[in-house]
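Colleague: Please take me through a single part of this model in detail. I would like its surroundings, its two sides and its setting in the chain.

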Amino acid sequence: MKNSLRQTGFKALLITQFLEAFNDNALKVVVTFVAIDYFAQHGLGTLFVSLSGAVFILPFLLFSTYAGHLADRFSKKKIIVIAKIAELFILLLGLMAFVNINMVGMLLVLFFMGLHSAFFSPSKYAILPEILEKDDLSEGNGQLQMWTYVAIIL
C-alpha cells in the first residue's frame with residue numbers, strides 16, 4: 001500500500017462509503033420486509049416491493065447529472081459532509097416511519113436516501129484525485145468499490 005492510501009482523508013472516505021452503502025441497503029431491506037408483512041395482510045405485498053425499488057432508483061435517474069455538475073463546481077468535501085449530515089436526518093425520519101409503520105413515510109425516506117446517494121456518489125469519486133497520488137488512483141478506486149460490496153453483502 002502506498003503512502004497516499006494510508007492518509008486519514010482516504011481512510012475516512014472508505015468508512016464514509018462503507019456506511020453509505022450499508023445504510024442504503026439495510027434501509028431498503030428493512031422497508032421491504034416490513035412492507036411485505038404489512039401488505040401481505042392487505043394483499044399488496046409484491047406491489048410495494050416493486051414500488052420501493054423504483055422509488056429508491058428514481059433520484060439516481062433524475063439527479064445524477066446535476067449532482068455531477070455540483071461536484072465539479074463546489075467543494076467535494078463539503079458536498080460529502082452535507083450528504084452525511086442529511087443521511088443522519090433521513091435515517092431518523094426513517095426510524096419514525098418504521099416505528100409508526102407509515103408506508104408512505106417509508107417510501108419518502110427511500111426516495112430521500114436515493115436522492116442523498118445520488119448527490120454523494122459523484123463527489124466521492126471526484127475527490128479521489130484530490131486526496132490520492134496519481135499512482136494510487138486505481139488501487140484507491142478498487143478499495144472504494146471493495147468496501148462498497150462488503151457493505152452491500154453485510
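Modeller: Start with what covers the buried residues of H6: the cover includes helix H1 (8-40), helix H4 (103-126) and helix H5 (128-131). This is a predicted model. The buried residues of H6 are Gly140, Gln143, Leu144, Thr148 and Ala151. Seen down the helix axis, they fall within an arc of 135°, so they line one face of H6. The face turned away from that buried side carries the exposed residues Ser138 and Ile153.

H6 itself covers residues 137-153, 17 residues in total. From first C-alpha to last, H6 reaches 24 Å. That is close to the 24 Å expected at 1.5 Å a residue.

Now one of the covering helices, H1. Leucine 19 sits in helix H1. Its relative accessible area is 38%, so leucine 19 counts as partly exposed. Beyond its neighbours within four places in sequence, leucine 19 is in contact with Lys84 and Glu87. Leucine 19 and lysine 84 are 65 residues apart in sequence, yet their C-alpha atoms are 9.5 Å apart in space.

Then the setting. The protein chain has 6 helices and 0 strands. Among its contacts between residues at least 6 apart in sequence, 81% join residues at least 24 apart. Buried residues make up 40% of the 154 residues in the chain. The C-alpha atoms fill a box of roughly 55 × 30 × 25 Å along the principal axes. The chain exposes about 9000 Å², with carbon and sulfur atoms supplying 69% of that area.

Definitions and conventions. Residues numbered from 1 in each chain as written. Predicted model: local features only at pLDDT ≥ 70, side-chain atom pairs only at ≥ 80, totals over all residues. Heavy atoms only, no water. Helix = DSSP H or I, 4+ residues; strand = E, 2+ residues; numbered from the N terminus. Expected span 1.5 Å × (residues − 1). Buried < 20%, exposed > 50% of the residue type's maximum accessible area, 1.4 Å probe, protein only. Arc of directions from axis to C-beta. Contact = heavy atoms within 4.5 Å. Areas by Shrake-Rupley, 256 points an atom, 1.4 Å probe, with all protein chains shown as cover.
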